[in-house]
Amino acid sequence: MDSVKRKETNRPVVVRNPNLCEMREDILYHFNLGTETHNLPALFGDVKFVCVGGSTRRMKDFIKYVAAELDMRDPNNDYPNICAGTDRYAMYKVGPVLSVSHGIGIPSISIMLHELIKLLHHACCTNVTIIRIGTSGGIGVKPGTVVVTKQSVDGTFVPKFEQLILGQTVVRDTELDSDLAEELLRCGEELGQFDTVLGNTMCTLDFYEGRAALNVAVVRESDKQKYLTKAREAGVRNIEMESTAFAAMCKMSGLRAAVVCATLVDRLKGDQLSSSHDVLQTYQQLPQILVGYYIKKKLKALI
C-alpha cells in the first residue's frame with residue numbers, strides 16, 4: 001500500500017519532446033504565458049484538477065461554481081482571465097482547480113492541449129486529473145442525460161485518433177481512465193439529481209455532415225437513421241467534436257482523463273433543439289454539478 005501511495009504522489013505530466021529541455025524559453029503563445037515571463041510553478045504548481053470546455057463563458061461559470069462548492073469563494077474576486085492578453089482561450093483558477101476553454105472541434109482543442117500540457121509540465125504539477133465537460137447530441141438517451149465516456153470512437157466507431165504528421169498518418173489510442181469514469185458514474189448516482197450513464201462517445205470532424213444532420217444538403221433521413229442506429233448498436237450514447245484528440249493527447253502525457261457531457265437532444269428522434277432556452281441552460285450546468293461534486297469529494301478524502 002505504501003509503495004502504491006508513493007507512486008501516486010509522484011505522477012508527473014509527461015512531455016515527449018526532448019527539444020523542450022534545450023529551449024531557453026518556451027512561449028505558450030495562445031495563453032500569453034511563457035517560462036521566462038511567468039513563474040509557472042508559483043502560479044500553477046498546486047493544480048490537481050483541470051476542467052476544459054468549449055465555451056469561455058461556461059468555463060468562467062464553472063470556476064465560480066467550484067469556488068462556492070469548495071468554500072473558496074471571494075466576493076471581491078471576479079476571477080480574472082489569466083489569458084487576458086489573447087482572445088483565443090480563457091483560463092481561470094481557484095485553489096487546485098484550473099478551468100480552461102478550448103473552442104470547437106479537434107484543431108482548436110489540440111492547440112490548447114499542447115500548450116496546457118506544457119504549462120503543467122513546466123509548473124512541475126503532479127497527480128493531475130483532467131476532465132472535459134460539455135454538451136452533446138444523445139443517441140437513444142433522453143435530453144438532460146449526462147454521459148460519462150467509456151471509449152471515445154471515431155465516425156467508424158473505432159477507438160482511435162488519426163492525424164497527419166510530417167506527411168504520415170499517425171494513429172493513436174483513445175483510451176480514457178476507466179477507474180475515473182467509474183468514479184464519476186458513482187458520483188452521478190450519489191447525487192441522484194439527473195440520469196448519468198456510461199457509454200461510448202463518437203467524435204466527429206464537423207458539426208453537420210459528420211454527425212448526420214438533416215439540415216444540410218447531402219444527408220437523407222433513411223441514411224441518417226441507419227447510421228445512428230448502427231452507432232447505438234456499437235455502444236455510442238452521444239456525439240461531440242473533441243474527445244478523440246483529447247483522449248489521445250492526455251494518455252500520451254500520463255494524465256488521468258475523462259469526458260463528461262450532457263445531452264441536449266436525442267438524435268434518433270430529431271436534430272432540432274426543442275427544449276426552451278432555460279431548460280437548455282439547466283442541461284449545460286449538469287456536467288459542472290457532477291464534476292464539482294467529484295472534485296469536492298476527492299479533496300475531502302485528502303484531508
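Biologist: Does Tyr-294 count as buried or exposed, and at what relative accessibility?

Modeller: Tyr-294 counts as buried, at 1% relative accessibility. Buried means under 20% relative accessible area, exposed means over 50%, and partly exposed lies in between, with a 1.4 Å probe and protein chains only. This is a predicted model, in which local features need pLDDT of at least 70 and side-chain atom pairs count only at pLDDT 80 or more, while totals for chains, interfaces and linings use all residues. Residues are numbered from 1 along each chain as its sequence is written, and side-chain values use heavy atoms, with hydrogens and water left out.

The structure contains four aromatic pairs. Rings of Phe, Tyr and Trp (its six-membered ring) pair if their centres lie within 6.5 Å; planes under 30 degrees apart count as stacked, over 60 as edge-to-face and the rest as tilted. One of these pairs joins Phe-31 and Tyr-89, whose ring centres are 6.1 Å apart with planes at 80°, so this pair is edge-to-face. Phe-31 is buried at 0% relative accessibility, and Tyr-89 is buried at 6%. Another pair consists of Phe-49 and Tyr-294: the centres are 6.2 Å apart and the planes stand at 90°, so this pair is also edge-to-face. It links distant parts of the chain, since Phe-49 lies in strand β3 (residues 49–53) and Tyr-294 in helix α8 (residues 277–302), 245 residues apart. Helices (H or I, at least four residues) and strands (E, at least two) are DSSP runs, numbered from the N terminus. Phe-49 is itself buried, at 6% relative accessibility.

Helix α8 also meets another helix. Two packed helices are described by the angle between their axes and the distance between the axes. The axes of α3 and α8 come within 10 Å and cross at roughly 40°. Axes are lines fitted to C-alpha atoms, for helices over the stretch in contact, and angles run from 0 to 180 degrees between N-to-C directions. The two helices are therefore oblique to each other; angles under 35 degrees count as roughly parallel, over 145 as roughly antiparallel, 65 to 115 as roughly perpendicular and the rest as oblique. Residues making this contact (heavy atoms within 4.5 Å) include Phe-62 and Tyr-65 of α3 and Ile-295 of α8.
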